[in-house]
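The sequence and the structure come first.

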Amino acid sequence: METWLQERNATMEENQKMRDFLGKQPEPPSWIILVVIFNVLVAGVVQAGLFGLLRTKLREKLGKGKDFKVLLKDALIWGFCPCCASIQEARVVDELNGVHVACCCRLEQTGGNLLVGAATAVAK
């Protein structure tokens, strides 16, 4: 019983030492925080611009036309909801290729035009 209490007290002392040590850590300078935020924002803007441009090119290939408003809208969509944009583009391309993802990994051929070639599967 005494060894358990001794171990518990030693652990509590170690925890207190760690809390004291962590409490004395200096905060990072504000310029480092600003640099990190700036880099994240720049990366987001570059991603939105690049993928928005590619989305506009896909729209142009499908015959929807191209203008500045559409490019800006596509960049905003990619900037604020990249998951939704990629899913929407994948569904459009799948529909045009005549395939449909039925279950989590089962690709079904539904007919239609083949834009990029036939769907492939792993042989069992």
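## Basis of the model

This is a predicted model, in which local features need pLDDT of at least 70 and side-chain atom pairs count only at pLDDT 80 or more, while totals for chains, interfaces and linings use all residues. Residues are numbered from 1 along each chain as its sequence is written, and side-chain values use heavy atoms, with hydrogens and water left out.

## Overall make-up

The chain has 4 helices and 2 strands, in the order α-α-α-α-β-β from the N terminus. Helices (H or I, at least four residues) and strands (E, at least two) are DSSP runs, numbered from the N terminus.

Of the 124 residues in the chain, 10% are buried. Buried means under 20% relative accessible area, exposed over 50%, and partly exposed in between, with a 1.4 Å probe and protein chains only. Among contacts in the chain with a separation of 6 or more, 24% are between residues 24 or more positions apart; contact means heavy atoms within 4.5 Å.

Helix H2 spans residues 30-61 and helix H3 residues 68-80; their axes come within 7 Å and cross at roughly 125 degrees. Axes are lines fitted to C-alpha atoms, for helices over the stretch in contact, and angles run from 0 to 180 degrees between N-to-C directions. H2 and H3 are therefore oblique to each other. Angles under 35 degrees count as roughly parallel, over 145 as roughly antiparallel, 65 to 115 as roughly perpendicular and the rest as oblique. The crossing of H2 past H3 is right-handed. A crossing is left-handed if the near helix is turned anticlockwise from the far one by less than a right angle, and right-handed if clockwise. Residues in this contact include Phe51, Leu53 and Arg55 of H2, and Leu71, Ile77 and Trp78 of H3. By class, the contact of H2 with H3 has 8 nonpolar, 5 polar and 4 charged residues. Ala, Val, Leu, Ile, Met, Phe, Trp, Tyr, Cys and Pro count as nonpolar, Asp, Glu, Lys and Arg as charged, and the others, Gly among them, as polar.

Helix H4 covers residues 82-97, and the axes of H2 and H4 come within 12 Å, crossing at roughly 20 degrees. H2 is therefore roughly parallel to H4. This crossing is left-handed. On the H2 side, Gln47, Arg55 and Leu58 meet Pro82, Ala85, Gln88, Glu89 and Val93 of H4. These residues divide into 4 nonpolar, 2 polar and 2 charged.

## Helix H3 against H4

The axes of H3 and H4 are 5 Å apart, and the two helices pack at an angle of about 120 degrees. Ile77, Trp78, Gly79 and Phe80 of H3 make the contact with Pro82, Ala85, Ser86 and Glu89 of H4. The contact of H3 with H4 has 5 nonpolar, 2 polar and 1 charged residues.

## Cysteines

The structure holds 1 disulfide, a pair of cysteine sulfur atoms within 2.5 Å. This bond joins Cys81 to Cys84, with an S to S distance of 2.4 Å. Cys81 is partly exposed at 28% relative accessibility, and Cys84 is partly exposed at 47%.

For Cys83, the closest cysteine sulfur is that of Cys81, 6.3 Å away and too far for a bond. Cys83 counts as exposed, at 55% relative accessibility.

## Glu95

Glu95 lies in helix H4 and is exposed at 62% relative accessibility.
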